[in-house]
Amino acid sequence: TSHPSTTLGNAPINRKPTTRTATGPNEGGGPFGHENMGEVIEVGSGVEKVRVGDRVVLPFNISCGFCKNCERGLTNYCLTTQPDPSTAGAAYGFADMGPYGGGQAELLRVPFCDHNALRLGEDAEEKENDYVMLSDIFPTGYHATEMAGVIPGDSVVIAGAGPVGLMAALSAMIKGAAKGGFNSSSQHRGRGGGYQRWEHDRWRPSVEHLPRPSVEFVLDRS
Ligand SMILES: [Zn+2]
């Protein structure tokens, strides 16, 4: 049997761990940590592309790349990596998403790593604070703008100003949304209540309420 998995050294990225940490489903007390990047320190016999020493970032969903759902691009509903046949989809360190430990540990096992691991270039260490956002928050925020069909000139309101909301705003700006803002009613999410907005790539002072006329898209982080 070949083993299509890889072990990452994690946290901090360049530490060489000397002990293995047992990882398991976090229902059983295993580590959390679904946004992972690190240096590959060991590869299984079934791994062909990823090499020891590569620096990689991982999508938080664990997928096989060859099941019916993965072939349709629905890797968040992978049928192979979720052992419970009544559901689909797996992730690192999540309750009910398979028996996979998270990355808040010295070592992380990465199943099907040729499919899951995004190998980074020579600037991986220098830009690790940017690349780690590729694991979840940036693609999640970007996907919201994809699902909404945001195009240049649109106006957008994002419900929730947490990290995913911020990345949705950045994605909307990248796509040329002319106007947008956050409707942040939850004080604990870091940006306070009220409405904060941008116009043509520039942030404007906060206003208390949503502007009129109303906007074309609302991206809700929930
Ligand atoms: Zn799959």
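**A walk through the model, starting at a loop**

Hi everyone, let's begin in the loop between α1 and β4, where we find Asp96. Before I go on, please keep in mind that this is a predicted model. Asp96 has a phi near 65°, a positive value in a residue other than glycine. Is Asp96 buried or exposed? Its relative accessibility is 62%, so Asp96 counts as exposed.

Now for the wider view. The protein chain has five helices and 10 strands. Of its 222 residues, buried ones make up 41%. If you take the contacts between residues at least 6 apart in sequence, 63% of them join residues at least 24 apart.

Next, the metal site. Which residues coordinate the zinc ion? They are Cys64, Cys67, Cys70 and Cys78, each through its SG atom, at 2.3 to 2.4 Å. Along the chain, these donors follow the spacing C-x2-C-x2-C-x7-C. What about the geometry? The angles that the four donor atoms subtend around the zinc ion run from 103 to 117°, and therefore the arrangement is tetrahedral. For four tetrahedral donors, the ideal angle at a metal is 109.5 degrees. Cys70 has a relative accessible area of 8%, under the 20% cut-off, so Cys70 is buried. Cys78 comes out at 0%, so Cys78 is buried too.

Let's move on to the aromatic rings. How many aromatic pairs are there? The count comes to one. The partners are Phe66 and Phe112, with ring centres 5.8 Å apart and 80° between the planes, an edge-to-face pair.

Lys175 lies over the face of Tyr142, 4.7 Å from the ring centre.

On to the interior. In soluble globular proteins, nonpolar side chains tend to be buried together. Here, the largest nonpolar core has 13 residues, and those with the most contacts inside it are Val50, Leu58, Tyr92 and Val110. Strands β3 and β4 each supply at least two residues of this core. A second, separate core has 11 residues, including Ile158, Ala161, Ala169 and Ala177.

My last stop is a glycine. Gly141 belongs to helix α4, which spans residues 137–148. Is Gly141 buried or exposed? Its relative accessible area is 0%, so Gly141 is buried. What does Gly141 touch, leaving aside residues up to four places away in sequence? The list is Val164, Met167, Ala168 and Ser171. Leu166 is 25 residues from Gly141 in sequence, and the two are 7.6 Å apart in space, C-alpha to C-alpha.

How values were computed: Residues are numbered from 1 along each chain as its sequence is written. This is a predicted model: local features need pLDDT of at least 70, side-chain atom pairs count only at pLDDT 80 or more; totals for chains, interfaces and linings use all residues. Side-chain values use heavy atoms; hydrogens and water are left out. Rings of Phe, Tyr and Trp (its six-membered ring) pair if their centres lie within 6.5 Å; planes under 30 degrees apart count as stacked, over 60 as edge-to-face and the rest as tilted. A charge sits over a ring if NZ of Lys or CZ of Arg is within 6 Å of the ring centre and within 35 degrees of the ring normal. Donors are N, O and S atoms within 2.8 Å of the metal (3.2 Å for Na, K and Ca); water is not among the atoms, so sites may look incomplete. Four donors count as tetrahedral if all angles lie between 85 and 135 degrees; four count as square planar and six as octahedral if opposite donors are over 155 degrees apart and all others between 65 and 115; anything else is irregular. Buried means under 20% relative accessible area, exposed over 50%, partly exposed in between (1.4 Å probe, protein chains only). Helices (H or I, at least four residues) and strands (E, at least two) are DSSP runs, numbered from the N terminus. A nonpolar core is a set of buried Ala, Val, Leu, Ile, Met, Phe, Trp, Tyr and Cys residues joined through side-chain atoms within 4.5 Å. Contact means heavy atoms within 4.5 Å.
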